[in-house]
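My notes are below, in the order in which I looked things up.

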Amino acid sequence: MDLNNWSQTIADKRWPILPDTLNEVRDACARHSDLINFTYLANLCLSDPFLLLDLFRVVGNSRALQRNESIPAVEQTLLLMGLEAVVTRFNRIEALEPVPDKLDEDVYEAVGDWLGRSRVAALLVKEWLSIMGDLKVEDCFVAALLYNLPGCIYMIQRNRLPDRPLLQEMSDVFEADYAQILAAFIKAMPLPAGFNALLGPGAPNKRRQLLKLAIATANSLEHGVSRSTWQVGVDTAAKLINSTPEMAYQAVVHAVLNVARHPHVVGYTFPARALLLLPSDGKKMEMKKAAGLPGGDPLEKAIRESIRFLANDLKFERVLYYHYEHDGHMLKLRYQVGVSADSPLRRLSVELEPGSFFGVFTSKPQSFHAPASVRQQLTRRYDDVFFQHVGDQEFALMTLFGGHKLSGVFYVDNAASGRAIDDATYHRFKDLVTRLTLLPQ
């Protein structure tokens, strides 16, 4: 397929935006002119890459922008267009929706997933630049948002999921690397030429490096954060911004959770689920299946995958998940790894009596790490039956809440070897359970 012909074909069409975004845009534009807020409209553009694309196409042919190769601020662009022009343009835009015989539902979800990755990359590069002390972030932010759009349009046009990784398939089909596809996309739409300076070939600098690392990190979340091939990007970013790898990684977590908690489409939650649901055998897991959509309870699938990750990747020798039974106000063992068939723990119901250890522990979202010395204190202080059967080894616990509602409790230990739980492993255990809270409870 000829890249230039394809680029011109997609440039001849005005592309729809996400339905939730369209509803918010219409609500905003329906207000009295004195109440229309350009800052709010700018934030809507930054929440939906398709809306951002629609806006920047208006100014893409600007001679001033082409000459100095800059990227205008979104709010500034809206102000320059003027209220009447903005309202008129946004009122004529349509919604991207799964429609029988037009857009397959799986493709629609995959497009949302790739748009969600773009949002993660944008928030991530913004955070990394801020840590470095660079206050000029919007150009990199919007560049990250637009990076995956050619791939999304490619899927919409073909109306099927790619046979290979999306960007790789596009490179094979057009016989060009993705940077060339982006350059043709920017030229054909057209978009401000400043995007070429950030996304195209050129002399490397910290900003360009961080942008590309953020995009690569977000686009490969399903590879697994415990894999060295994924970690090397975050470690490199940490060196560039002169921070610790832990701080650089936490920026990834924050970006993923931010996108998932403000979804404009279900696919915006997929990066968070990919960060959580990692395959234990090192094989790439299909995103839709990992997300538990549809055909099952996403939370239950996520809990099972979490237990597998705790056992196989974090190497806990015993992992228990106790589900909260609301009617009986008790915890019952639902999933386990490493518990012998004749263990009383399999049949034990943990009563949440006032003043008992679990009665206190499950009263709010929290975690607890009990080294051997603390474990002995618990035995003396609480007469819970659970401690009589679980053993004397070090352990860690964490509650799982959905909002203010208790869902269950995770328990991990190394009962066979007695191996200690180091701080790094304990924090990864907490991160894992924390991410479960964003799923429907």
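**Ground rules.** I am working with a predicted model, in which local features need pLDDT of at least 70 and side-chain atom pairs count only at pLDDT 80 or more, while totals for chains, interfaces and linings use all residues. Residues are numbered from 1 along each chain as its sequence is written, and side-chain values use heavy atoms, with hydrogens and water left out.

**Whole chain.** I looked up the secondary structure and found 23 helices and six strands. Helices (H or I, at least four residues) and strands (E, at least two) are DSSP runs, numbered from the N terminus. Of the 441 residues in the chain, 55% are buried. Buried means under 20% relative accessible area, exposed means over 50%, and partly exposed is in between (1.4 Å probe, protein chains only). I also checked contacts, meaning heavy atoms within 4.5 Å. Among contacts with a separation of 6 or more, 67% join residues 24 or more positions apart.

**Helix α1.** I noted Leu3, Trp6, Ser7, Ile10 and Ala11 as buried in α1. Seen down the helix axis, these buried residues fall within an arc of 135 degrees, so they line one face of α1. The arc is taken over the directions from the helix axis to the C-beta atoms. The general rule is that an α-helix has 3.6 residues a turn, so residues three or four places apart point the same way. Asn4 and Asn5 are exposed on the other side of α1. The buried residues of α1 pack against α4, α10, α11 and α12. At the N-terminal end, Asp2 caps α1, with a side-chain oxygen 3.3 Å from the backbone nitrogen of Asn4.

**Helix α12.** I next took α12, residues 178-188. Its buried residues are Tyr178, Ile181, Leu182, Ala184, Phe185, Ile186 and Ala188. They pack against several helices, including α1 (3-11), α9 (138-147) and α13 (194-199).

**Asp48.** I found Asp48 in the loop between α3 (38-47) and α4. The side chain of Asp48 does reach the backbone nitrogen of Phe50, at 2.9 Å. Leaving out residues up to four places away in sequence, Asp48 touches Ile17, Leu18, Thr21 and Tyr268.

**Cysteines.** I counted zero disulfides, taking a disulfide as a pair of cysteine sulfur atoms within 2.5 Å. For Cys29, the nearest cysteine sulfur is that of Cys45, 9.6 Å away. Cys29 is buried, with a relative accessible area of 8%. Cys140 is buried too, at 0% relative accessibility.

**Two loop residues.** I placed Asn414 in the loop between β6 (405-413) and α23 (423-436). Asn414 counts as buried because its relative accessibility is 2%. Pro344 lies in the loop between β2 (330-337) and β3 (349-351), and is partly exposed at 33% relative accessible area.

Notes: A polar contact is a pair of N or O atoms within 3.5 Å; within protein, one must be able to donate a hydrogen and the other to accept it, and residues adjacent in sequence count only if both atoms are side-chain atoms.
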